[in-house]
Amino acid sequence: MSATTLLSGRGLRKSFPVRRGVLMLVRGQLKALHSFDFDIRAGETLGVVGESGCGKTTLGRVLARIHEGEGSLEYTGRDGQRYDALGKLDPKRELAFRRDVQMVFQDPYSSLDPRMTVEKILLEPLEAHGMAKDKAAAKAYLCELLARVGLHADALQRYPHEFSGGQRQRIAVARALALKPRLIICDEPTSALDVSVQSQVINLLKEIQEREGLAYIFISHNLDLVRYVSDRIYVMYLGRVVEAGESELLFSDPAHPYTQALLRSIPNWDPQARSLLNAELRGEAPSPLWDPPGCPFEPRCPKAAARCRSEAPAQRDVRGRLVACHFA
Amino acid sequence: MKRDRRLTSFLKHKLGRVGLVCLAVLYFGAIFADFIAPYGMKDSNELAAYAAPTTLHWIHEGRFIGPFVYAKRQSRNPDTFRLEYREDESVAYPLRFFVKGSPYKLFGLINVDIHLFGLGDAKLIIEADEGSGEEARTHAVPLNIWGGDQFGRDVFSRILHGSRVSLSAGLIGTALSVVIGAIVGAISGYFGGVLDTLIQRFIEILRSFPRIPLWLALAVIIPPTWPSTYLYFGIVIVLSFIGWMGVARVVRGMALSLREKEYVLAAKSAGVKPFKIIRAHIIPNVASYLIVVSTLSVPGMILGESTISFLGLGIKEPMTSWGLLLKQAQSISAIQSYPWLMLPGLFIMIAVLSFNFVGDAFRDALDPNGTVEKLEA
Amino acid sequence: MATLLELKDSRTHFCTFDGIVKASDGVSFHIDEGEVLALVGESGSGKSVTARSIMGLYSGSKIRQSGSIVFKGEDLSKANPQRRRELRGRDMGMIFQEPMSAFDPLSSISEQMVEARLTHFKESREEARALAIESLRQVGIPEPEKRIDDYPHRLSGGMLQRVLISIAIMNKPKLLIADEPTTALDVTIQAQVLRLLNGLRKEMGASLLFITHDLGVVAEIADRVHVMYAGKIVEKASVRALFSSALHPYSKGLLDARVTGERKGKPLPAIPGSVPRPSEIAEDCCRFAPRCPHAGPRCLREEPPLAAAPAAGGPRNDEGRELACWLYNGGTE
């Protein structure tokens, strides 16, 4: 491996207490993320794909330290020092980590405070890191940032509602770039946008990556999109990784039955074939509250056997990628 | 563009417009009370005790001479022993504008003694009863357009002076409770956890006490020997002590949902400190709620102050407020014989209704879903 | 085949604070019996507004409608509200994007389904309930006898969408209108719902007006496609013709914007600019001109009419292909 490993997670877990009843007592745990292992190198794009409720958003938020996760998350700082970025950090490291790891959210309508001008929005992270002391320099920097995401400097004095969805997402990208991060976590960055605008934002993200050598963790339910942007992909189901590997390998030769089913569910834009009307995955994604002893995909799996119900499949190497399936 | 829309929507509200005009008039009256009122707060005139409203005349002895009044002669009804008045039509006392009267400080700064209207130094000679040996006295002619009270003070002037206390207590009390409520609510909702639970339980316990006894209990704490201005602030603090809790609960609920908003998460993940997030994101986004709830809460505060003063635990004489003024209209016989003593009540009603109308208009403009509840004061 | 529904110059304008918003501005098309017509467009294209105006969901002083909507030979734009109500839910069924918000959270599915049936048919509650259960079975709800007494929040999004479909088909309508029925669903559920819709439609012989922004879904289900932009139809074509050769620069742009693995490493072709807001649509010119790579002076001067595609250029064998673009109608100069 030439590039350094930026972030590597081992056994990342996150559960939310489920409160029910009048007294709001904790009645159970919603295991949104079950033991997630990954490594991301500098400049690389990692795709995380899965359906709603699979835990991909939770993963992004644990990585950005918005949610507090368990397990270990080893981060290699700019100075080459490695430390666990979960739990409480000393203030210096905390700031450094928050500077290096940024996030772009799904909905550009709710990720920009409607009561702030673009200038205030972009200034906020700079101020938090004490980098806006020189007003004139900061302003010049903001103009440069806007130019980098393809917006005009006169946007600074305007409010988010004056922009279209695509432009707002550009502002959100500019905010993420403001602190010169090393890793940006993109949580469904285009799914709230119009089709004709999506590719603009994707192109922008790609362009920035090439220019600045950023790493991305790209979270999406859109398989085509994840395939296009990612070097490696993690397929998630019910808080677990079911398959992980090089993106082309995964798409050309999916090993896990769930990955196979997902790929068959993508419309292939061919009115002659109409493949979608023939292929079908049974059933629905289970509730995240369900915590089976065996394979979570067993109820929907065409290959399921008795063993799948009782014994959780371990991740193993199959044809050059990791798969969690007894039969792959 | 957005602001215009809200303004348009606000101005479309008919009752809201009426309320706004009423409030403008009331507050104008309160600000310039010393000037508009013909008498000072403490001025009394024994000729005006329980006097009925002075009638304004225009024609004297068949001749039009502009607005004037006749003096009233006091006499006691030998059967009922009630004071009775009859107009003495021999002399006309013309109504003058910008006349000299009792001195006051305009805006608390400039010494002035000009009043909007009055009779000037018109004097009436009262002959002594025959055989009493006393000499004839001269007396200022009272002008009581809305009658006089028990001590011969002018009800109109007293209502104007009282409006200062009542209307400002409403505003300051609300401002205080909204500020406290917003801060406590935002902290409680944003941080959540044990802190939130503690604050919420505390509020629930306080709110489960019946309101009026709680006010009274708190009002008793204020030493009655305090000067009236201190007393006034004491009352305002008592009112807001209860008022902030309603705001805090709602703001907490809003903060709970705002803290999940992606822009708050973005700020959080950029390393912005919690109190900065509350100041920069939470408070501005509950601002329109706060505006609406403020307007809708002022009536409660006004009524609260009136209630406390009415019950004798609030503002003390000679300072006055609408609630205190109403105290004189406690008995049926007083209301029957001197109905003008009820006028302060009418003003309370007008003020309360106006604030409610304006609040509703604000709510329609700023919060079209109608989620804002009135704050209980 | 007989025409089931025909819109002629249908317009729906909203009076708002920002002025008149021409959400759909002169839309004409027809649906034959048993046919699937897809209306494709992005936000603000007027596709949903068109669908709702067919259902007669708009009324009030803030909304101006004109043009004609002829359903089974009857001009609905002249029909009274009572008649519109009769047709709605009985002869036309509608499926919405957000299944969660299409239900009343406080009444059970059975109450809502029985209600929907009894509004249009005089029968006993028991009969209506039996029919509702049957209808739920048809859309593949497991154990419909039990599920029918559940409240909406007990079901997942995919299940609710099935229930919504079962309500729409319960009265055997001739026309089904599906407004982005799969947008809120996961891909695997989307495939199930599409298959279900297609099967039911064939079984009932109903026509389907399918509204979506997703061309991938269009390819799966539609017979003909109308592409809408900023309140107008810009291209009408059969689904095969559109996917083999889209002619209008906007349709082309949409097809090109597809993200595929093969494009990896190369920038994605993108349509520049952004979708205009309804209040900012330029008139008296081609509405797509500001974003169009081929725009010429004429495009900014005159609005291109929707006209039959020319014989030269492009694949033939496609009847009824129409375009609103000067490129194919005398040039852009």
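Reader: What should I know before I look at numbers?
Author: It's a predicted model, where local features need pLDDT of at least 70, side-chain atom pairs count only at pLDDT 80 or more, and totals for chains, interfaces and linings use all residues. Residues are numbered from 1 along each chain as its sequence is written, chains are lettered from A and ligands numbered from 1 in the order in which they are written, and side-chain values use heavy atoms, with hydrogens and water left out.

Reader: OK, chains C and A. How many residues are in contact?
Author: 51 residues of chain C touch 41 residues of chain A, contact meaning heavy atoms within 4.5 Å.

Reader: And how much area do they bury?
Author: About 4000 Å² between them, with 52% of it on carbon and sulfur atoms. Buried area is the accessible area (1.4 Å probe) that two parts lose on being put together, summed over both.

Reader: Which three residues of chain C supply more than any other three?
Author: Glu220(C), Arg258(C) and Lys264(C), which supply 18% of the area that chain C buries against chain A.

Reader: How many salt bridges across that interface?
Author: The rule finds 1; a salt bridge needs a side-chain nitrogen of Lys or Arg within 4 Å of a carboxyl oxygen of Asp or Glu. Lys264(C) pairs with Glu248(A) in a salt bridge, at 3.8 Å from N to O.

Reader: What's the count over all chains?
Author: 56 salt bridges. Among them is Glu262(B) with Arg61(A), whose closest N and O atoms are 3.7 Å apart. That pair runs between chains, from helix α8 (residues 262-269) of chain B to helix α1 (residues 56-63) of chain A. Helices here are DSSP runs (H or I, at least four residues), numbered from the N terminus.

Reader: Switching to chain B: at what angle do α7 and α9 pack?
Author: Helix α7 (residues 228-258) and helix α9 (residues 274-310) of chain B pack at about 155°, with axes 10 Å apart. That makes α7(B) roughly antiparallel to α9(B). Axes are lines fitted to C-alpha atoms, for helices over the stretch in contact, and angles run from 0 to 180 degrees between N-to-C directions. Under 35 degrees counts as roughly parallel, over 145 as roughly antiparallel, 65 to 115 as roughly perpendicular and the rest as oblique.

Reader: What classes of residue make that contact?
Author: 16 nonpolar, 5 polar and 1 charged. Ala, Val, Leu, Ile, Met, Phe, Trp, Tyr, Cys and Pro count as nonpolar, Asp, Glu, Lys and Arg as charged, and the others, Gly among them, as polar. The α7(B) side includes Val247(B) and Met254(B), and the α9(B) side includes Tyr289(B) and Glu305(B).

Reader: How about α5 against α7?
Author: Helix α5 (residues 193-207) of chain B packs on α7(B) at about 135°, axes 10 Å apart, so the two are oblique to each other. Their contact has 7 nonpolar, 2 polar and 5 charged residues. Among them are Asp196(B) and Arg207(B) in α5(B), and Arg249(B) and Arg252(B) in α7(B).

Reader: And where do α2 and α12 sit relative to each other?
Author: The axes of helix α2 (residues 14-31) and helix α12 (residues 343-366) of chain B come within 7 Å and cross at roughly 135°, so these helices are oblique to each other. The contact takes in Gly16(B) and Gly19(B) of α2(B), as well as Ala351(B) and Ser354(B) of α12(B), among others. By class there are 13 nonpolar, 3 polar and no charged residues.
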